[in-house]
Amino acid sequence: MGRIVLEKVKKAFGETLVIPPLDLEINDGEFVVFVGPSGCGKSTLLRLIAGLEDVTDGTILIDGSDATAVPPAKRGLAMVFQSYALYPHMSVRKNIAFPLRMAKLDQAEQNRRVEQAAEVLNLTDYLDRRPGQLSGGQRQRVAIGRAIVREPAAFLFDEPLSNLDAALRVGMRLEISELHERLSTTMIYVTHDQVEAMTMADKIVVLQSGVIEQVGSPLELYRAPRNRFVAGFIGSPRMNFLEGDEAAKFNAQAIGVRPEHIEASATQGNWAGKVGVSEHLGSDTFFHVHVKNWPEPITVRAGGEVDLHHGDDIYLTPDPERIHRFDAQGLRMG
Amino acid sequence: MARAVTNNRKALNTAVAWLVGLLIFFPILWTVLTSFKTEAQAINDPPIFLFFDWTLENYAVVQERSDYLRFLWNSIIIAGGSTLLGIIIAVPAAWSMAFVPSRRTKDILLWMLSTKMLPAVGVLYPIYLLFIQLGLLDTRIGLTIVLMLINLPIIVWMLYTYFKEIPAEILEAARMDGASLREEILYVLTPMAVPGIASTILLNIILAWNEAFWTLNLTAVDAAPLTAFIASYSSPEGLFYAKLSAASTMAIAPILILGWFSQKQLVRGLTFGAVK
(Lines give C-alpha, C1' and ligand atoms only; values in the text may rest on other atoms or scores of the structure.)
Protein backbone atom coordinates (compact mmCIF):
# COMPACT_ATOMS: atom_id res chain seq x y z
CA MET A 1 0.00 0.00 0.00
CA GLY A 2 1.26 3.47 -0.72
CA ARG A 3 -1.29 6.22 -0.34
CA ILE A 4 0.36 9.52 0.46
CA VAL A 5 -1.57 12.60 1.52
CA LEU A 6 -0.08 16.04 2.10
CA GLU A 7 -2.18 18.40 4.19
CA LYS A 8 -1.25 22.09 4.33
CA VAL A 9 2.40 21.16 3.97
CA LYS A 10 4.64 24.20 4.13
CA LYS A 11 8.39 24.56 3.84
CA ALA A 12 10.55 27.58 4.57
CA PHE A 13 14.33 27.82 4.66
CA GLY A 14 14.91 30.57 7.19
CA GLU A 15 12.94 33.54 5.92
CA THR A 16 12.50 32.15 2.42
CA LEU A 17 9.18 30.44 1.82
CA VAL A 18 9.87 27.65 -0.68
CA ILE A 19 6.53 25.89 -0.53
CA PRO A 20 3.46 27.77 0.68
CA PRO A 21 0.82 25.55 2.33
CA LEU A 22 -0.05 22.86 -0.18
CA ASP A 23 -2.50 19.94 -0.34
CA LEU A 24 -1.97 16.87 -2.48
CA GLU A 25 -3.30 13.33 -2.63
CA ILE A 26 -1.38 10.47 -4.20
CA ASN A 27 -3.34 7.26 -4.51
CA ASP A 28 -2.00 3.76 -4.06
CA GLY A 29 -0.34 2.45 -7.20
CA GLU A 30 -0.35 5.78 -8.99
CA PHE A 31 2.57 7.04 -11.07
CA VAL A 32 2.74 10.72 -10.18
CA VAL A 33 5.17 13.11 -11.81
CA PHE A 34 6.16 16.45 -10.27
CA VAL A 35 7.18 18.72 -13.10
CA GLY A 36 8.21 22.33 -13.30
CA PRO A 37 11.12 24.62 -14.12
CA SER A 38 14.28 24.61 -11.97
CA GLY A 39 13.72 26.07 -8.56
CA CYS A 40 9.97 25.42 -8.57
CA GLY A 41 10.23 23.33 -5.39
CA LYS A 42 9.54 19.92 -6.92
CA SER A 43 12.67 18.31 -5.46
CA THR A 44 12.03 19.93 -2.10
CA LEU A 45 8.52 18.52 -2.12
CA LEU A 46 9.89 15.05 -2.83
CA ARG A 47 12.45 15.41 -0.04
CA LEU A 48 9.69 16.45 2.34
CA ILE A 49 7.79 13.27 1.49
CA ALA A 50 11.02 11.26 1.90
CA GLY A 51 11.69 12.86 5.27
CA LEU A 52 15.10 14.19 4.21
CA GLU A 53 13.76 17.67 4.91
CA ASP A 54 11.53 18.59 7.84
CA VAL A 55 8.24 20.26 7.06
CA THR A 56 7.85 23.73 8.55
CA ASP A 57 4.14 23.18 9.01
CA GLY A 58 1.43 20.73 7.96
CA THR A 59 0.99 16.98 7.94
CA ILE A 60 2.21 14.12 5.78
CA LEU A 61 0.12 10.95 5.93
CA ILE A 62 1.45 7.68 4.58
CA ASP A 63 -1.24 5.01 4.40
CA GLY A 64 -3.36 6.93 6.82
CA SER A 65 -0.85 7.33 9.61
CA ASP A 66 0.92 10.57 10.43
CA ALA A 67 4.49 10.34 9.16
CA THR A 68 5.40 14.01 9.59
CA ALA A 69 7.87 13.36 12.39
CA VAL A 70 8.93 9.87 11.32
CA PRO A 71 12.61 9.67 10.25
CA PRO A 72 13.27 8.72 6.59
CA ALA A 73 14.56 5.30 7.59
CA LYS A 74 11.19 4.40 9.09
CA ARG A 75 8.86 5.71 6.39
CA GLY A 76 9.05 2.61 4.24
CA LEU A 77 9.83 4.61 1.12
CA ALA A 78 12.68 4.02 -1.33
CA MET A 79 14.45 6.74 -3.25
CA VAL A 80 16.49 6.86 -6.45
CA PHE A 81 18.77 9.87 -6.66
CA GLN A 82 19.95 11.87 -9.65
CA SER A 83 23.59 11.10 -8.83
CA TYR A 84 22.62 7.43 -8.21
CA ALA A 85 24.23 7.78 -4.74
CA LEU A 86 25.61 4.25 -4.75
CA TYR A 87 28.00 3.17 -2.02
CA PRO A 88 31.35 3.26 -3.85
CA HIS A 89 33.11 0.93 -1.40
CA MET A 90 30.57 -1.89 -1.78
CA SER A 91 30.03 -4.36 -4.62
CA VAL A 92 26.82 -4.17 -6.63
CA ARG A 93 25.54 -7.12 -4.60
CA LYS A 94 26.21 -5.37 -1.30
CA ASN A 95 24.73 -2.13 -2.60
CA ILE A 96 21.46 -3.84 -3.48
CA ALA A 97 21.46 -5.85 -0.26
CA PHE A 98 22.15 -2.83 1.95
CA PRO A 99 18.52 -1.98 2.78
CA LEU A 100 17.87 -5.68 3.53
CA ARG A 101 20.90 -5.79 5.79
CA MET A 102 19.63 -2.71 7.60
CA ALA A 103 16.26 -4.44 7.97
CA LYS A 104 18.13 -7.40 9.56
CA LEU A 105 16.81 -9.95 7.07
CA ASP A 106 18.54 -13.31 7.16
CA GLN A 107 21.33 -13.95 4.67
CA ALA A 108 19.44 -16.49 2.56
CA GLU A 109 16.49 -14.14 2.08
CA GLN A 110 18.88 -11.28 1.25
CA ASN A 111 20.58 -13.36 -1.44
CA ARG A 112 17.28 -14.51 -2.88
CA ARG A 113 15.93 -11.00 -3.23
CA VAL A 114 19.18 -9.53 -4.55
CA GLU A 115 19.44 -12.20 -7.22
CA GLN A 116 15.82 -11.77 -8.19
CA ALA A 117 16.25 -8.01 -8.57
CA ALA A 118 19.50 -8.47 -10.47
CA GLU A 119 17.77 -10.72 -12.93
CA VAL A 120 14.93 -8.30 -13.53
CA LEU A 121 17.41 -5.47 -14.09
CA ASN A 122 19.96 -7.44 -16.15
CA LEU A 123 22.63 -7.00 -13.51
CA THR A 124 23.39 -10.65 -12.76
CA ASP A 125 26.79 -10.52 -14.47
CA TYR A 126 27.81 -7.39 -12.61
CA LEU A 127 26.96 -8.38 -9.03
CA ASP A 128 30.57 -8.59 -7.92
CA ARG A 129 31.72 -5.35 -9.51
CA ARG A 130 32.10 -2.00 -7.82
CA PRO A 131 29.89 0.92 -8.92
CA GLY A 132 32.97 2.66 -10.32
CA GLN A 133 33.32 -0.11 -12.90
CA LEU A 134 29.81 0.36 -14.30
CA SER A 135 28.35 2.63 -16.98
CA GLY A 136 25.82 5.34 -16.14
CA GLY A 137 22.86 3.23 -17.19
CA GLN A 138 24.05 0.24 -15.17
CA ARG A 139 24.60 2.44 -12.11
CA GLN A 140 21.09 3.75 -12.44
CA ARG A 141 19.80 0.17 -12.57
CA VAL A 142 21.73 -0.68 -9.41
CA ALA A 143 20.10 2.31 -7.73
CA ILE A 144 16.70 1.05 -8.85
CA GLY A 145 17.60 -2.47 -7.68
CA ARG A 146 18.48 -1.12 -4.27
CA ALA A 147 15.07 0.53 -4.17
CA ILE A 148 12.97 -2.44 -5.30
CA VAL A 149 14.45 -5.17 -3.07
CA ARG A 150 12.95 -3.73 0.05
CA GLU A 151 9.44 -3.68 -1.41
CA PRO A 152 8.67 -0.12 -0.33
CA ALA A 153 5.27 1.49 0.04
CA ALA A 154 6.30 3.97 -2.65
CA PHE A 155 9.26 4.80 -4.86
CA LEU A 156 10.61 8.31 -5.02
CA PHE A 157 12.64 9.28 -8.08
CA ASP A 158 14.59 12.54 -8.05
CA GLU A 159 15.42 13.35 -11.69
CA PRO A 160 16.87 9.88 -12.14
CA LEU A 161 17.59 10.18 -15.85
CA SER A 162 19.17 13.62 -16.09
CA ASN A 163 22.72 12.26 -15.98
CA LEU A 164 22.17 9.82 -18.84
CA ASP A 165 22.62 10.49 -22.54
CA ALA A 166 19.55 10.86 -24.74
CA ALA A 167 19.36 7.30 -26.10
CA LEU A 168 19.79 5.71 -22.67
CA ARG A 169 17.24 8.07 -21.24
CA VAL A 170 14.51 6.81 -23.55
CA GLY A 171 15.43 3.20 -22.73
CA MET A 172 15.42 3.76 -18.97
CA ARG A 173 12.15 5.65 -19.24
CA LEU A 174 10.54 2.56 -20.71
CA GLU A 175 12.16 0.33 -18.10
CA ILE A 176 10.81 2.44 -15.26
CA SER A 177 7.34 2.44 -16.84
CA GLU A 178 7.47 -1.33 -17.22
CA LEU A 179 8.59 -1.66 -13.62
CA HIS A 180 5.56 0.33 -12.57
CA GLU A 181 3.25 -1.87 -14.66
CA ARG A 182 4.67 -4.97 -13.04
CA LEU A 183 4.92 -3.85 -9.42
CA SER A 184 1.90 -1.51 -9.34
CA THR A 185 3.60 0.33 -6.51
CA THR A 186 3.09 4.05 -6.01
CA MET A 187 5.81 6.03 -7.76
CA ILE A 188 6.57 9.70 -7.36
CA TYR A 189 8.86 11.02 -10.02
CA VAL A 190 10.47 14.45 -10.20
CA THR A 191 11.61 15.87 -13.53
CA HIS A 192 11.95 19.14 -15.37
CA ASP A 193 11.43 17.30 -18.66
CA GLN A 194 7.81 17.55 -19.76
CA VAL A 195 8.30 14.68 -22.24
CA GLU A 196 9.17 12.35 -19.35
CA ALA A 197 6.15 13.67 -17.49
CA MET A 198 3.77 13.15 -20.42
CA THR A 199 5.00 9.66 -21.29
CA MET A 200 5.23 8.15 -17.83
CA ALA A 201 2.65 9.73 -15.59
CA ASP A 202 -0.81 8.65 -14.56
CA LYS A 203 -1.05 12.03 -12.91
CA ILE A 204 1.07 15.12 -13.43
CA VAL A 205 1.55 17.80 -10.80
CA VAL A 206 2.75 21.04 -12.39
CA LEU A 207 4.59 23.28 -9.94
CA GLN A 208 5.77 26.85 -10.12
CA SER A 209 7.39 28.69 -7.19
CA GLY A 210 6.24 25.97 -4.80
CA VAL A 211 2.61 26.36 -5.87
CA ILE A 212 0.67 23.60 -7.60
CA GLU A 213 -0.58 25.09 -10.86
CA GLN A 214 -2.57 22.05 -11.97
CA VAL A 215 -2.99 18.36 -11.22
CA GLY A 216 -4.33 15.97 -13.83
CA SER A 217 -3.67 13.24 -16.33
CA PRO A 218 -1.22 14.10 -19.13
CA LEU A 219 -4.03 14.51 -21.67
CA GLU A 220 -6.14 16.63 -19.34
CA LEU A 221 -3.24 19.02 -18.98
CA TYR A 222 -2.61 18.99 -22.71
CA ARG A 223 -6.23 19.54 -23.68
CA ALA A 224 -7.37 21.85 -20.93
CA PRO A 225 -4.50 23.66 -19.24
CA ARG A 226 -5.84 25.65 -16.32
CA ASN A 227 -3.67 28.70 -17.03
CA ARG A 228 -1.05 30.11 -19.35
CA PHE A 229 1.85 28.68 -17.34
CA VAL A 230 0.62 25.10 -17.67
CA ALA A 231 -0.35 25.70 -21.30
CA GLY A 232 3.17 26.87 -22.07
CA PHE A 233 4.93 24.21 -20.03
CA ILE A 234 3.12 21.12 -21.28
CA GLY A 235 3.54 20.28 -24.96
CA SER A 236 6.59 20.45 -27.18
CA PRO A 237 7.33 22.71 -28.98
CA ARG A 238 5.52 25.06 -26.67
CA MET A 239 2.17 26.67 -27.33
CA ASN A 240 2.04 29.96 -29.30
CA PHE A 241 0.43 32.84 -27.44
CA LEU A 242 -1.19 35.83 -29.11
CA GLU A 243 -2.47 38.99 -27.46
CA GLY A 244 -4.11 42.17 -28.71
CA ASP A 245 -6.35 42.23 -31.79
CA GLU A 246 -6.16 38.53 -32.56
CA ALA A 247 -7.11 37.66 -28.97
CA ALA A 248 -9.87 40.29 -28.99
CA LYS A 249 -11.48 38.50 -31.92
CA PHE A 250 -11.98 35.58 -29.55
CA ASN A 251 -13.09 37.83 -26.72
CA ALA A 252 -10.05 37.03 -24.60
CA GLN A 253 -6.96 38.73 -23.19
CA ALA A 254 -4.74 36.12 -24.81
CA ILE A 255 -5.18 33.06 -26.96
CA GLY A 256 -2.95 30.04 -27.35
CA VAL A 257 -2.57 27.59 -30.21
CA ARG A 258 -0.27 24.59 -30.22
CA PRO A 259 2.10 24.25 -33.21
CA GLU A 260 0.41 20.97 -34.16
CA HIS A 261 -2.99 22.66 -34.34
CA ILE A 262 -2.06 25.14 -37.04
CA GLU A 263 -2.29 24.27 -40.70
CA ALA A 264 0.47 25.57 -42.93
CA SER A 265 -0.02 26.26 -46.60
CA ALA A 266 2.01 27.88 -49.37
CA THR A 267 -1.05 29.40 -50.96
CA GLN A 268 -3.83 30.41 -48.58
CA GLY A 269 -4.79 30.80 -44.92
CA ASN A 270 -5.83 33.21 -42.15
CA TRP A 271 -2.43 34.57 -41.22
CA ALA A 272 0.17 35.48 -43.83
CA GLY A 273 3.83 35.42 -42.90
CA LYS A 274 7.33 34.54 -43.93
CA VAL A 275 9.31 31.45 -42.98
CA GLY A 276 12.18 32.20 -40.61
CA VAL A 277 14.08 29.21 -39.26
CA SER A 278 12.81 25.83 -40.35
CA GLU A 279 13.75 22.60 -38.57
CA HIS A 280 13.42 19.48 -40.69
CA LEU A 281 13.22 16.38 -38.53
CA GLY A 282 12.24 14.00 -41.32
CA SER A 283 8.90 12.98 -39.88
CA ASP A 284 7.97 16.56 -39.06
CA THR A 285 9.06 20.03 -39.99
CA PHE A 286 8.86 22.95 -37.57
CA PHE A 287 8.58 26.39 -39.13
CA HIS A 288 9.18 29.56 -37.16
CA VAL A 289 6.98 31.99 -38.99
CA HIS A 290 7.24 35.77 -38.78
CA VAL A 291 3.87 37.44 -39.16
CA LYS A 292 4.04 41.17 -39.80
CA ASN A 293 3.59 43.32 -36.68
CA TRP A 294 3.49 40.35 -34.30
CA PRO A 295 6.14 40.53 -31.58
CA GLU A 296 7.09 36.86 -31.61
CA PRO A 297 7.39 34.25 -34.35
CA ILE A 298 4.75 31.52 -34.52
CA THR A 299 5.88 27.92 -34.37
CA VAL A 300 4.04 25.55 -36.68
CA ARG A 301 4.29 21.83 -37.11
CA ALA A 302 3.91 20.57 -40.66
CA GLY A 303 4.42 17.20 -42.30
CA GLY A 304 7.90 16.14 -43.27
CA GLU A 305 7.21 16.72 -46.95
CA VAL A 306 6.25 20.39 -46.84
CA ASP A 307 8.93 22.03 -48.90
CA LEU A 308 9.22 25.63 -47.73
CA HIS A 309 12.42 27.45 -46.89
CA HIS A 310 13.76 30.59 -45.28
CA GLY A 311 12.09 33.68 -46.70
CA ASP A 312 9.23 31.87 -48.45
CA ASP A 313 5.66 33.12 -48.06
CA ILE A 314 3.52 30.94 -45.78
CA TYR A 315 -0.14 31.02 -44.77
CA LEU A 316 -1.34 29.72 -41.41
CA THR A 317 -4.78 28.59 -40.30
CA PRO A 318 -5.39 27.64 -36.65
CA ASP A 319 -7.92 24.92 -35.85
CA PRO A 320 -10.75 26.98 -34.28
CA GLU A 321 -11.81 24.03 -32.07
CA ARG A 322 -8.39 23.97 -30.45
CA ILE A 323 -7.80 27.57 -29.59
CA HIS A 324 -7.26 28.14 -25.85
CA ARG A 325 -8.56 31.40 -24.41
CA PHE A 326 -7.09 33.11 -21.34
CA ASP A 327 -8.29 36.06 -19.29
CA ALA A 328 -6.28 38.97 -17.89
CA GLN A 329 -5.11 36.84 -14.95
CA GLY A 330 -3.86 34.18 -17.35
CA LEU A 331 -6.63 31.78 -16.34
CA ARG A 332 -8.41 29.55 -18.81
CA MET A 333 -11.77 30.80 -20.08
CA GLY A 334 -14.76 28.63 -20.97
CA MET B 1 50.49 23.71 -23.48
CA ALA B 2 52.64 21.66 -21.18
CA ARG B 3 55.52 23.59 -19.77
CA ALA B 4 58.77 22.62 -21.47
CA VAL B 5 61.42 21.41 -19.06
CA THR B 6 64.88 20.77 -20.44
CA ASN B 7 67.04 17.91 -19.24
CA ASN B 8 69.53 20.29 -17.64
CA ARG B 9 66.75 21.92 -15.76
CA LYS B 10 65.50 18.52 -14.59
CA ALA B 11 68.96 17.56 -13.32
CA LEU B 12 69.24 20.85 -11.47
CA ASN B 13 65.82 20.37 -9.92
CA THR B 14 66.79 16.90 -8.77
CA ALA B 15 70.05 18.14 -7.27
CA VAL B 16 68.31 20.97 -5.40
CA ALA B 17 65.63 18.60 -4.15
CA TRP B 18 68.24 16.22 -2.78
CA LEU B 19 70.12 19.08 -1.16
CA VAL B 20 67.03 20.37 0.61
CA GLY B 21 66.09 16.83 1.59
CA LEU B 22 69.53 16.18 3.07
CA LEU B 23 69.47 19.50 4.88
CA ILE B 24 66.22 18.56 6.55
CA PHE B 25 67.36 15.05 7.31
CA PHE B 26 70.86 16.02 8.49
CA PRO B 27 70.13 16.54 12.22
CA ILE B 28 68.59 13.08 12.39
CA LEU B 29 71.48 11.55 10.48
CA TRP B 30 73.98 13.33 12.75
CA THR B 31 72.15 12.07 15.85
CA VAL B 32 72.21 8.51 14.57
CA LEU B 33 75.89 8.74 13.66
CA THR B 34 76.83 10.31 16.99
CA SER B 35 75.07 7.51 18.82
CA PHE B 36 77.72 5.11 17.48
CA LYS B 37 80.68 7.25 18.59
CA THR B 38 82.52 7.34 21.88
CA GLU B 39 81.86 10.38 24.10
CA ALA B 40 85.28 11.78 23.16
CA GLN B 41 84.68 11.43 19.44
CA ALA B 42 81.24 12.91 19.83
CA ILE B 43 82.63 16.26 20.97
CA ASN B 44 85.76 16.14 18.81
CA ASP B 45 86.70 19.41 17.09
CA PRO B 46 86.63 19.34 14.09
CA PRO B 47 83.66 16.96 14.07
CA ILE B 48 84.23 13.51 12.71
CA PHE B 49 81.70 12.55 10.09
CA LEU B 50 82.08 8.88 9.21
CA PHE B 51 85.62 7.73 10.09
CA PHE B 52 85.40 6.89 13.75
CA ASP B 53 85.45 3.67 15.76
CA TRP B 54 81.87 2.44 15.54
CA THR B 55 80.64 1.24 18.90
CA LEU B 56 77.39 0.00 20.43
CA GLU B 57 78.57 0.92 23.89
CA ASN B 58 76.20 3.87 24.24
CA TYR B 59 73.18 1.72 23.57
CA ALA B 60 74.31 -0.80 26.18
CA VAL B 61 74.82 1.94 28.74
CA VAL B 62 71.49 3.58 28.00
CA GLN B 63 69.63 0.29 28.27
CA GLU B 64 71.44 -0.50 31.51
CA ARG B 65 70.73 2.86 33.08
CA SER B 66 67.09 3.14 32.15
CA ASP B 67 64.37 0.75 31.16
CA TYR B 68 63.76 1.68 27.50
CA LEU B 69 60.82 -0.68 27.09
CA ARG B 70 58.89 0.92 29.90
CA PHE B 71 59.19 4.37 28.29
CA LEU B 72 58.35 2.89 24.91
CA TRP B 73 55.24 1.24 26.32
CA ASN B 74 54.14 4.53 27.88
CA SER B 75 54.65 6.30 24.55
CA ILE B 76 52.62 3.71 22.73
CA ILE B 77 49.78 3.88 25.24
CA ILE B 78 49.71 7.66 25.35
CA ALA B 79 50.08 8.31 21.61
CA GLY B 80 47.77 5.48 20.60
CA GLY B 81 45.23 6.12 23.34
CA SER B 82 44.99 9.85 22.77
CA THR B 83 44.58 9.35 19.03
CA LEU B 84 41.93 6.65 19.43
CA LEU B 85 40.01 8.72 21.97
CA GLY B 86 40.30 11.77 19.72
CA ILE B 87 39.00 9.89 16.68
CA ILE B 88 36.01 8.54 18.62
CA ILE B 89 35.06 12.07 19.64
CA ALA B 90 35.99 13.75 16.35
CA VAL B 91 34.15 11.47 13.88
CA PRO B 92 30.65 12.43 15.08
CA ALA B 93 31.76 16.05 15.57
CA ALA B 94 33.13 16.29 12.04
CA TRP B 95 30.07 14.46 10.71
CA SER B 96 27.73 17.04 12.17
CA MET B 97 29.87 19.94 10.99
CA ALA B 98 30.19 18.57 7.47
CA PHE B 99 26.64 17.34 6.90
CA VAL B 100 24.36 19.30 9.20
CA PRO B 101 26.18 22.62 9.48
CA SER B 102 24.66 25.45 11.42
CA ARG B 103 25.27 29.12 10.86
CA ARG B 104 28.02 28.99 13.49
CA THR B 105 29.87 25.92 12.21
CA LYS B 106 32.62 27.89 10.45
CA ASP B 107 33.16 30.04 13.55
CA ILE B 108 33.37 26.99 15.78
CA LEU B 109 35.96 25.43 13.51
CA LEU B 110 38.06 28.57 13.57
CA TRP B 111 37.66 28.95 17.30
CA MET B 112 38.82 25.36 17.79
CA LEU B 113 41.88 26.02 15.70
CA SER B 114 42.59 29.26 17.54
CA THR B 115 43.19 27.28 20.73
CA LYS B 116 46.24 25.86 18.98
CA MET B 117 47.67 29.38 18.71
CA LEU B 118 47.79 29.82 22.47
CA PRO B 119 51.26 29.08 23.89
CA ALA B 120 50.88 25.87 25.87
CA VAL B 121 52.78 27.30 28.81
CA GLY B 122 49.94 29.80 29.25
CA VAL B 123 47.67 27.09 30.57
CA LEU B 124 50.31 24.98 32.30
CA TYR B 125 49.57 26.34 35.74
CA PRO B 126 45.78 25.73 35.73
CA ILE B 127 46.18 22.33 34.15
CA TYR B 128 48.90 21.38 36.60
CA LEU B 129 46.67 22.36 39.52
CA LEU B 130 43.75 20.46 38.01
CA PHE B 131 45.94 17.40 37.64
CA ILE B 132 46.97 17.59 41.28
CA GLN B 133 43.33 17.97 42.36
CA LEU B 134 42.21 15.05 40.24
CA GLY B 135 45.20 12.88 41.07
CA LEU B 136 46.17 12.66 37.42
CA LEU B 137 49.76 13.82 37.78
CA ASP B 138 52.19 11.29 36.36
CA THR B 139 49.44 8.97 35.16
CA ARG B 140 49.07 7.62 31.65
CA ILE B 141 45.35 8.32 31.63
CA GLY B 142 45.96 11.97 32.53
CA LEU B 143 48.51 12.42 29.78
CA THR B 144 46.32 10.60 27.26
CA ILE B 145 43.48 13.00 27.99
CA VAL B 146 45.66 16.10 27.75
CA LEU B 147 47.27 15.05 24.47
CA MET B 148 43.87 14.11 23.08
CA LEU B 149 42.57 17.59 23.94
CA ILE B 150 45.65 19.25 22.48
CA ASN B 151 45.28 17.45 19.16
CA LEU B 152 41.48 17.29 18.98
CA PRO B 153 41.15 20.53 16.94
CA ILE B 154 43.51 19.12 14.31
CA ILE B 155 41.70 15.78 14.21
CA VAL B 156 38.31 17.46 13.82
CA TRP B 157 39.63 19.80 11.13
CA MET B 158 41.22 17.03 9.11
CA LEU B 159 38.18 14.76 9.32
CA TYR B 160 35.88 17.67 8.52
CA THR B 161 37.86 18.33 5.32
CA TYR B 162 37.69 14.68 4.28
CA PHE B 163 34.00 14.35 5.11
CA LYS B 164 33.20 17.46 3.06
CA GLU B 165 34.41 15.56 0.01
CA ILE B 166 31.77 12.86 0.46
CA PRO B 167 28.52 13.64 -1.39
CA ALA B 168 25.68 14.16 1.07
CA GLU B 169 23.33 12.25 -1.24
CA ILE B 170 25.11 8.99 -0.42
CA LEU B 171 24.40 9.48 3.26
CA GLU B 172 20.82 10.37 2.44
CA ALA B 173 20.57 7.18 0.40
CA ALA B 174 21.69 5.26 3.48
CA ARG B 175 19.03 7.02 5.52
CA MET B 176 16.38 6.09 2.93
CA ASP B 177 17.67 2.51 3.00
CA GLY B 178 16.77 2.30 6.65
CA ALA B 179 20.15 2.98 8.27
CA SER B 180 20.15 4.53 11.73
CA LEU B 181 22.57 7.38 12.41
CA ARG B 182 25.02 4.94 13.97
CA GLU B 183 24.77 2.58 10.99
CA GLU B 184 25.10 5.46 8.55
CA ILE B 185 28.37 6.58 10.17
CA LEU B 186 29.65 3.04 10.71
CA TYR B 187 28.82 1.37 7.38
CA VAL B 188 28.79 4.22 4.89
CA LEU B 189 30.66 7.31 6.06
CA THR B 190 33.62 5.70 7.81
CA PRO B 191 34.53 3.17 5.09
CA MET B 192 34.36 5.92 2.49
CA ALA B 193 36.61 8.14 4.58
CA VAL B 194 39.17 5.43 5.37
CA PRO B 195 42.10 7.12 3.57
CA GLY B 196 41.38 10.36 5.38
CA ILE B 197 40.86 8.74 8.74
CA ALA B 198 44.04 6.69 8.33
CA SER B 199 46.20 9.71 7.62
CA THR B 200 44.57 11.61 10.47
CA ILE B 201 45.43 8.74 12.80
CA LEU B 202 49.00 8.58 11.55
CA LEU B 203 49.60 12.29 11.82
CA ASN B 204 48.19 12.38 15.33
CA ILE B 205 50.21 9.43 16.51
CA ILE B 206 53.31 11.25 15.29
CA LEU B 207 52.26 14.52 16.93
CA ALA B 208 51.45 12.80 20.22
CA TRP B 209 54.60 10.71 20.10
CA ASN B 210 56.80 13.78 19.71
CA GLU B 211 54.89 16.01 22.10
CA ALA B 212 57.40 17.16 24.70
CA PHE B 213 55.93 20.05 26.64
CA TRP B 214 53.10 18.30 28.46
CA THR B 215 54.79 14.91 28.65
CA LEU B 216 57.80 16.48 30.41
CA ASN B 217 55.82 18.72 32.71
CA LEU B 218 53.11 16.33 33.81
CA THR B 219 55.10 13.15 34.32
CA ALA B 220 57.87 12.04 36.62
CA VAL B 221 58.39 8.30 36.64
CA ASP B 222 55.34 6.12 36.17
CA ALA B 223 53.86 7.65 33.03
CA ALA B 224 57.06 9.02 31.50
CA PRO B 225 57.20 8.38 27.75
CA LEU B 226 60.18 8.43 25.41
CA THR B 227 60.41 12.23 25.39
CA ALA B 228 61.18 12.07 29.11
CA PHE B 229 63.59 9.25 28.37
CA ILE B 230 65.58 11.54 26.05
CA ALA B 231 65.40 14.47 28.41
CA SER B 232 66.84 12.41 31.23
CA TYR B 233 70.12 12.32 29.31
CA SER B 234 70.54 16.05 29.15
CA SER B 235 71.63 16.77 32.70
CA PRO B 236 72.97 19.97 34.22
CA GLU B 237 76.24 18.26 35.13
CA GLY B 238 77.21 18.11 31.48
CA LEU B 239 75.95 16.66 28.28
CA PHE B 240 76.80 13.16 27.27
CA TYR B 241 76.30 13.67 23.56
CA ALA B 242 76.82 10.11 22.46
CA LYS B 243 74.45 8.68 25.05
CA LEU B 244 71.91 11.41 24.44
CA SER B 245 72.08 10.56 20.74
CA ALA B 246 71.66 6.87 21.42
CA ALA B 247 68.61 7.59 23.57
CA SER B 248 67.20 9.90 20.90
CA THR B 249 67.72 7.34 18.17
CA MET B 250 65.95 4.72 20.24
CA ALA B 251 63.10 7.14 20.90
CA ILE B 252 62.50 8.21 17.34
CA ALA B 253 63.14 4.85 15.69
CA PRO B 254 59.63 3.39 16.12
CA ILE B 255 57.86 6.46 14.79
CA LEU B 256 60.39 6.83 11.97
CA ILE B 257 59.75 3.26 10.89
CA LEU B 258 55.99 3.74 11.13
CA GLY B 259 56.22 6.94 9.13
CA TRP B 260 58.44 5.34 6.51
CA PHE B 261 56.07 2.49 5.82
CA SER B 262 52.99 4.69 5.81
CA GLN B 263 54.39 7.66 3.89
CA LYS B 264 52.34 6.86 0.83
CA GLN B 265 49.15 6.86 2.90
CA LEU B 266 50.25 9.99 4.70
CA VAL B 267 50.95 11.96 1.53
CA ARG B 268 47.73 10.79 -0.07
CA GLY B 269 45.81 11.78 3.04
CA LEU B 270 47.41 15.19 3.36
CA THR B 271 46.77 16.07 -0.28
CA PHE B 272 43.32 14.43 -0.32
CA GLY B 273 40.79 16.71 -1.88
CA ALA B 274 43.43 19.00 -3.33
CA VAL B 275 42.74 17.60 -6.78
CA LYS B 276 39.32 16.34 -7.69
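**Note on the predicted model of chains A and B**

1. In this predicted model, 15 residues of chain B are in contact with 18 residues of chain A (contact: C-beta atoms, placed from the backbone, within 7 Å). On the side of chain B that touches chain A, α8 (168–176) and α9 (181–192) of chain B are the elements giving two or more residues. The most comes from α8(B), with 6 residues. That side divides into 8 nonpolar, 2 polar and 5 charged residues (nonpolar: Ala, Val, Leu, Ile, Met, Phe, Trp, Tyr, Cys and Pro; charged: Asp, Glu, Lys and Arg; polar: the others, Gly among them).

2. Chain A has 9 helices and 18 strands (DSSP runs numbered from the N terminus: helices H or I, at least four residues; strands E, at least two). Of its 334 residues, 40% count as buried (20 or more other C-beta atoms within 10 Å of the residue's own, C-beta atoms being placed from the backbone).

3. An open, antiparallel sheet of 4 strands in chain A runs in the order β2-β1-β4-β5 (pairing: at least two DSSP bridges between two strands). Its edge strands are β2 (16–26) and β5 (65–66). Strands β1 (residues 4–13) and β4 (residues 57–62) of chain A pair over 5 bridges; A:Ile4 has A:Ile62 as its bridge partner in β4(A).

4. Residues are numbered from 1 along each chain as its sequence is written, and chains are lettered from A, ligands numbered from 1, in the order in which they are written. Local features need pLDDT of at least 70 and side-chain atom pairs count only at pLDDT 80 or more, whereas totals for chains, interfaces and linings use all residues.

Methods:
A residue is buried if 20 or more other C-beta atoms lie within 10 Å of its own, exposed if 12 or fewer, and partly exposed in between; C-beta atoms are placed from the backbone. Two residues are in contact if their C-beta atoms, placed from the backbone, lie within 7 Å.
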